[in-house]
Amino acid sequence: MVAGRLAVWRRHGSTLASCALVPSRDPFVIAHALSAASSSPVTATPPSTGSQLHARSVKLGMAGDTFTMNHLLIFYSRRGHLACALDVFDQMPHRNLVSWTAMVSGSMRNGAPELGLQLFVSMIRDGFWPNEFALASALGACHSTVAYAKLGISLHGVAVRVGLDANPFVGSSLLLMYAKHGHIAAAERVFEDIACKDLACWNAMLDGYVSNGCAYDTMRTVVLMHQRRITADVFTYISAVKASSIESELNFGRQLHGLVIHNMFESDTSVMNALVDMYFKAGLKETAIAVFGKIPRKDSVSWNTMISGLANNEDEKEASGCFINMSRCGCKPNQVTFSVMLRLSGAKENASLGLQIFGLAYCHGYSDNVLVANAAINMMSRCGLLNCANGFFCNLSVRNVATWNEIIAAYSLHSCSEDVMRLFRSLVCFGASPDEFTYPAVLSAFQQNHDTKNQEQIHASVLKHGFASCQFVSTSLIKAKAASGSVQSSLKVIEDAGEMDLVSWGVIISAFLKHGLNDDVISLFNMFRCDCAEKPDEFILASILNACANSALIKQCRCIHSLVVRTGHSRHFCVASALVDAYAKCGDIAAAESAFTDVSSVTDDTILYNTMLTAYANHGLIHEAVNLYQEMMQLQLAPTPATFVTVISACSHLGLVEQGKLLFSSMLSAHGMRPARANYVCLVDLLARKGLLKEAKCHSSRGLQFGGL
């Protein structure tokens with residue numbers, strides 16, 4: 001009988017028609033109709049279908065039938081009508097495990113994780129032990145917030161107790177929960193305990209690795225899957241391509257691209273989007289553009305990936321062209337598109353483009369979107385429209401802490417320390433809590449304007465809100481204190497910060513060097529060697545050598561040189577240039593020549609040659625400087641304005657007027673560079689020394705005309 005009725009329903013093609021043919025109370029027909037309606041696409045089902053089927057079931061007296069009501073719950077939750085599902089659930093006289101599971105998973109599907117967890121707890125209190133679907137949904141709710149991490153561990157205990165910890169469905173959700181909270185080792189243990197790992201389990205582990213930046217482990221797992229002949233799907237390739245981008249493993253990425261083509265995944269937009277992003281991050285713009293051109297169905301993510309890649313290369317013209325083509329192809333820009341374009345306009349200080357993009361964002365209704373609003377403030381401030389940025393900020397209806405950070409950074413960019421402090425106080429008064437990005441934005445205003453009083457207030461706020469151990473904040477605080485010469489206060493901040501990483505030490509040492517605290521740089525370096533287990537990198541070593549050069553500390557210079565050799569940085573051009581400069585400024589030109597020879601034999605670098613040229617010129621070795629310049633030309637190294645400053649000065653000391661003039665004219669004619677102020681000064685000095693005052697005056701006037709003098 002039921003089969004016959006279903007055949008009638010299929011002939012009529014309408015769930016409502018099937019209900020009209022029901023002569024008596026029969027729960028199966030309505031249940032099957034609801035099941036078919038919930039499984040069909042939204043566009044294929046009229047909006048009123050659910051309410052009509054619901055009304056039909058009530059009219060037939062089936063409101064108390066658990067089987068029918070469960071299907072109604074599933075229908076409403078899948079169609080996004082969570083409130084209707086809750087009403088049905090509350091009115092059910094008898095609920096079974098399916099009823100509770102439908103509501104828990106429905107809450108998660110409709111973006112209500114807290115409600116889902118509350119229902120899960122109520123289910124257990126009512127005496128129902130969860131099945132794999134309810135448990136997986138509850139674990140999925142624990143992904144979103146750090147506050148749910150402990151609850152996730154408790155749910156792990158529930159899974160062990162009911163014997164579902166080795167279930168692939170539960171195991172995937174469990175390992176993702178641990179991975180999303182940064183516990184990758186726990187995620188790996190869960191993965192190992194899963195009895196029969198399906199593709200979803202492998203993909204979940206890959207996703208966990210990628211979300212924690214474990215690119216090498218992701219690639220290792222992908223290779224293991226390939227060896228075990230586990231067929232990869234779209235999600236496998238997306239995770240693998242992301243991993244190759246993180247690790248900058250272009251060869252691995254190209255192999256993945258080959259597999260994508262071989263397994264015919266080029267038609268999948270998400271995979272192709274990941275490949276475009278990978279090639280952009282590898283610096284292969286043309287390849288990224290070629291891959292983008294092969295995407296058959298470009299979505300907004302495709303266009304945003306393309307525009308972001310071009311924007312990161314600061315290719316303003318091509319990014320703007322891509323933005324225009326996006327609209328022409330019928331794909332509407334979203335908040336990400338506008339945010340990227342606004343920040344690019346700010347980076348290029350192109351107010352005209354930025355304001356046009358902002359106008360389009362307003363027309364599309366995105367001007368109040370937090371992401372777009374923050375980018376608009378950034379654009380206006382970088383384009384010098386500080387008052388416009390402030391006016392826009394004041395008129396915003398919704399602000400988060402990132403919005404406050406943007407307007408504070410805008411005023412810091414223009415060194416308006418009083419306005420920065422006013423905004424910081426307003427942020428606190430409005431009830432927003434400063435975060436780890438707020439304090440660096442505020443403190444950057446004090447690196448030019450040495451406002452010690454306000455600086456100390458910010459330091460007190462850092463301590464009060466518990467950010468003293470945050471390296472990003474403490475590094476900014478040390479830079480601000482170094483700018484005002486507060487060495488002891490800087491050392492106290494270092495002490496409060498606890499253990500600092502290599503990057504933080506490098507920033508602090510360079511900040512002290514920038515403000516001329518050379519002796520303190522040496523002391524900081526000694527502290528670094530005692531406190532940090534890592535070896536100094538090329539940036540720290542170059543900074544220390546510059547401090548030795550500035551103070552002419554020859555003994556310390558030789559000690560650092562031995563450390564450079566031991567750490568394997570002796571042939572790094574940055575360290576080698578600093579070493580040559582340090583020896584030269586300490587008066588040991590022979591050691592400078594030796595260091596230069598060691599590096600120049602394996603690498604040709606303009607900066608290294610410029611440093612040696614300057615060293616020769618400063619020691620009066622004019623012939624050697626001219627010969628070294630000729631060697632540069634033979635090696636076809638591209639000279640810089642600094643190169644010509646040294647060589648023309650050498651010609652001036654030797655009285656080689658014609659050669660000096662020829663070198664000056666070759667800057668524009670042979671090398672395509674406009675002479676800088678220092679180049680005009682050298683030429684005027686060359687001519688004046690030989691008594692060619694009229695010609696010197698002529699070049700002096702030309703230097704003024706082109707902004708050189």
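Here are a few notes on this predicted model.

1. Ground rules. Residue numbers start from 1 along each chain as its sequence is written, and side-chain values use heavy atoms, with hydrogens and water left out. As this is a predicted model, local features need pLDDT of at least 70 and side-chain atom pairs count only at pLDDT 80 or more, while totals for chains, interfaces and linings use all residues.

2. Overall make-up. The chain has 42 helices and 0 strands (DSSP runs numbered from the N terminus: H or I of at least four residues for helices, E of at least two for strands). Of its 709 residues, 48% are buried (under 20% relative accessible area; over 50% is exposed, in between is partly exposed; 1.4 Å probe, protein chains only).

3. Contacts along the chain. Take the contacts (heavy atoms within 4.5 Å) with a separation of 6 or more: 61% of them come from residues 24 or more positions apart.

4. Arg109. You'll find Arg109 in helix H7, residues 97–109. Is Arg109 buried, exposed or partly exposed? Its relative accessibility is 47%, so Arg109 counts as partly exposed. Beyond its neighbours within four places in sequence, Arg109 touches Ser77 and Arg78. Gly80 sits 29 residues away along the chain, with 8.1 Å between its C-alpha atom and that of Arg109.

5. Glu499. Look for Glu499 in the loop between helix H30 (487–497) and helix H31 (502–514). Glu499 counts as exposed because its relative accessibility is 70%.
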